Amino acid sequence: MSENSASRSADPDDHSSNPSGNDSIQEVMGRRITRRGLLWTGGVVGAAGFLGAAGGMAAGSTETRTAGTVAARGKGKGLLRFKAVPASKDDKIVVPEGYTAQVLIPWGTPIRSGGPAWKKDGSNTAAEQEQQIGMHHDGMHYFPSNRGGDTGLLVLNHEYIDPVLLYKDGDKPVTREKVDKALAAHGVSIVKISRHKDGWRLKDSRYNRRITGSTPMTFSGPVKPNHPALAAKGRPQGTLNNCSSGHTPWGTYITCEENWNGLFGTTDASWKPDAEQARYGVDAKGVELDWHKVDKRFDVAENPKELNRFGWVVEIDPSDPKSTPVKRTALGRIKHEGATVTESKGRVVVYTGDDQDGEYVYKFVGSEPWRKLVRKGKSPLDHGTLYVAKFSDDGTGVWLPLTFGQGPLTAANGWKDQADVMLRTRTAADAVGATKLDRPEWVAVHPNNRDVYLTLTNGKGNGGAVGPRKPNPYGHIVRWREKGADHTATRFEWDIYALAGDPNYDPKVKLGPDNIFGSPDGIGFDRSGRLWIQTDISNSSQNLAEKGYDNIGNNMLLASDPKTGEIRRFLTGPRGAEITGFTLAPDNRSLFINVQHPGEATTAWGKPTPENPRAVSNWPDFDPAGRPRAATVVIRKKDGGVIGS
Ligand code: FEO
Ligand code: CA
Ligand code: CA
Ligand code: CA
């Protein structure tokens, strides 16, 4: 999520709503670096040893090697075989020599031929938007439907709306039609695509479907559909602020509700958030979209239980166009960034970050092998334990269960049952003593050695060994190995894989012109073990010298080789946009990414207005009477080779 619709003033994720006294990752980190430096200079293998030489530790220790140190030298011997692209301030996509980038399904594309055409003046109605690709593409997964993988379903999130760009005449005054259009622009798109000689194309299919902020939903897991906390007005509908996503081994897509709190508000001056509402950042104004003024569903004074219907991981079956999406409450209620599913001993393990400054990283571990649960007619996402991470200074960590009756989560302490623990996940995590982090975003699992990588995008600096900077405007990537490389384990060892930033502003950063980056967000591995890193530099920092971001330029995609620690810039995006959505065709020869919020208001470039929506960017159409729009981009190698090779 970024500025603009998220907030008229600043990124809401940047503000902490965590008042607990728990250790933050930077407090742990500061202590840990000291200890690690001693271990290493003493010739003893410290915690870094278990992870090998690649992503040596980060800030503070001259004895250490951070990923990126060997990066900037053109073609290496490792996995990265493309020539780095330079940092860019241009309003375009740049890919390495020998690669092509094709724009696919921009916002407003009708999902069926014969559907309502996109209107470049923003005048499409809510009913039309419901039949078109939504706005602000984010997390995505490609589900191949044939053996070659050149036909399949592309499923993607639409995180939020830009109220200036969505409408012809701006969003004020708010009307019910405008709210309905915004709801229709949120959610998920499912579309069939296939590859032809001239590139990938959207195809008509009975699977093509929009799921929006108004689609009927159901609940499963500890918080049952008839739970009193869910008894808001009307039946449950909609998924909103769908940030990143995941996919399950049984072929479903899971979409994550992130900054849902900002969509609510009230004009009732007597209303004050209770402690739990405040813990999730709910207030009377939200991000000032004012939906509550015309749709009482979003009025927190009149319809407070509607809040409890958001903050979940939502499972969607793309193979059943009639299916009702299910909010899987066993995965907790937070501001879910993503949900990365892996398997261990046949059980599913789902890693999920809570993206706000000072929040935590969680994992869900299935109670039994998922195939066994499916055979019993049970959802593997309904049966298991949710844990939250505690990082210690010595490079170890522990997963603390959020289970009713265990530790402090008892009736004596005011906890009612497991549903109560899941509805108040953040408070439960506070109680068990989780470690505060600098905005946990995506998680990726290495395909071979099973190491887990987590982006911490930036933050005020929560202190501790696992967060090396205070403040931390550039972010870093933390990595851990579960005990025995078993994702169901409750103990792990961790290190810092890469410290982002620009050495001109922070000499501890071991990056150069071919790889300086900031605010890592989306990450993912390809099957060869390249780690792909996408950035989401806030538009209040992008390209600004006073924020130390002038050399870094626009948001980008980089690739990293964990074996060598090398990082290399692969793609740069247009102005005002973040790069997100990383997913690959199974042959790793087509890479799909999303360009989210091009042309959003940026301090460096200006603000779009209804009169001039092109003030910051006009990507990808460059129509002099058009407007910027989010889109998927497909990257191919001209020789048809594996991306990055
Ligand atoms: Fe939706 Fe945390 O990015
Ligand atoms: Ca963003
Ligand atoms: Ca994100
Ligand atoms: Ca982000």
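A nonpolar core is a set of buried Ala, Val, Leu, Ile, Met, Phe, Trp, Tyr and Cys residues joined through side-chain atoms within 4.5 Å. Buried means under 20% relative accessible area, exposed over 50%, and partly exposed in between (1.4 Å probe, protein chains only). The model is predicted: local features need pLDDT of at least 70 and side-chain atom pairs count only at pLDDT 80 or more, while totals for chains, interfaces and linings use all residues. Residues are numbered from 1 along each chain as its sequence is written, chains are lettered from A and ligands numbered from 1 in the order in which they are written, and side-chain values use heavy atoms, with hydrogens and water left out.

**The cores**

Select Tyr362, Val388 and Leu402, the residues with the most contacts inside the largest nonpolar core, which has 35 residues. Two or more residues each come from strands E9 (253–257), E13 (347–353), E15 (361–366), E16 (384–391) and E17 (396–401), and from helices H7 (418–423) and H8 (425–432). Helices (H or I, at least four residues) and strands (E, at least two) are DSSP runs, numbered from the N terminus. H7 gives the largest share of this core, 4 residues. Another core, of 26 residues, lies apart from it; Ile161, Leu166, Val287 and Leu289 are among its members.

Two strands pair if DSSP finds at least two bridges between them. E15 and E16 pair in the antiparallel sense over 5 bridges, with Val365 opposite Thr385 in E16. E16 and E17 also pair in the antiparallel sense, over 5 bridges, and here Lys390 faces Val398 in E17. The hairpin of E16 and E17 has 4 residues between the strands, and in it Gly395 takes a positive phi near 85°.

**Helix H4**

Move to residues 176–185. Of the 10 residues of helix H4, 7 are buried, so the helix is largely enclosed by the rest of the structure. The buried residues are Lys178, Val179, Lys181, Ala182, Leu183, Ala184 and Ala185. They pack (contact means heavy atoms within 4.5 Å) against helix H2 (126–129), strand E3 (151–158), helix H3 (163–166), strand E4 (187–196) and strand E6 (209–211). Just after H4, Gly187 has a positive phi of about 100°.

Select the calcium ion (ligand 4). Its donors (N, O and S atoms within 2.8 Å of the metal, or 3.2 Å for Na, K and Ca; water is not among the atoms, so sites may look incomplete) belong to Glu441 (OE), Asp521 (OD) and Asp536 (OD), at 2.3 to 2.6 Å. Glu441 in strand E19 (residues 440–445) and Asp521 in strand E23 (residues 520–525) are 80 residues apart, and the pair links distant parts of the chain. Glu441 is buried at 2% relative accessibility, and Asp521 is buried at 3%.

Which residue coordinates both the calcium ion (ligand 4) and the calcium ion (ligand 2)? Asp536 does, and the two ions are 4.9 Å apart. The calcium ion (ligand 2) is coordinated by Asp536 (OD), Asp536 (OD), Glu578 (OE) and His597 (NE2), at 2.1 to 2.8 Å. Asp536 lies in the loop between E24 and strand E25 (556–561) and Glu578 in strand E27 (residues 578–584), so the pair ties together parts that are 42 residues apart in sequence. Asp536 is buried, with a relative accessible area of 6%, as is Glu578, at 1%.

Select Gln534 in strand E24 (residues 531–535). Gln534 is buried, with a relative accessible area of 0%. The side chain of Gln534 reaches the backbone nitrogen of Gly581 at 3.5 Å.

Methods: A polar contact is a pair of N or O atoms within 3.5 Å; within protein, one must be able to donate a hydrogen and the other to accept it, and residues adjacent in sequence count only if both atoms are side-chain atoms.
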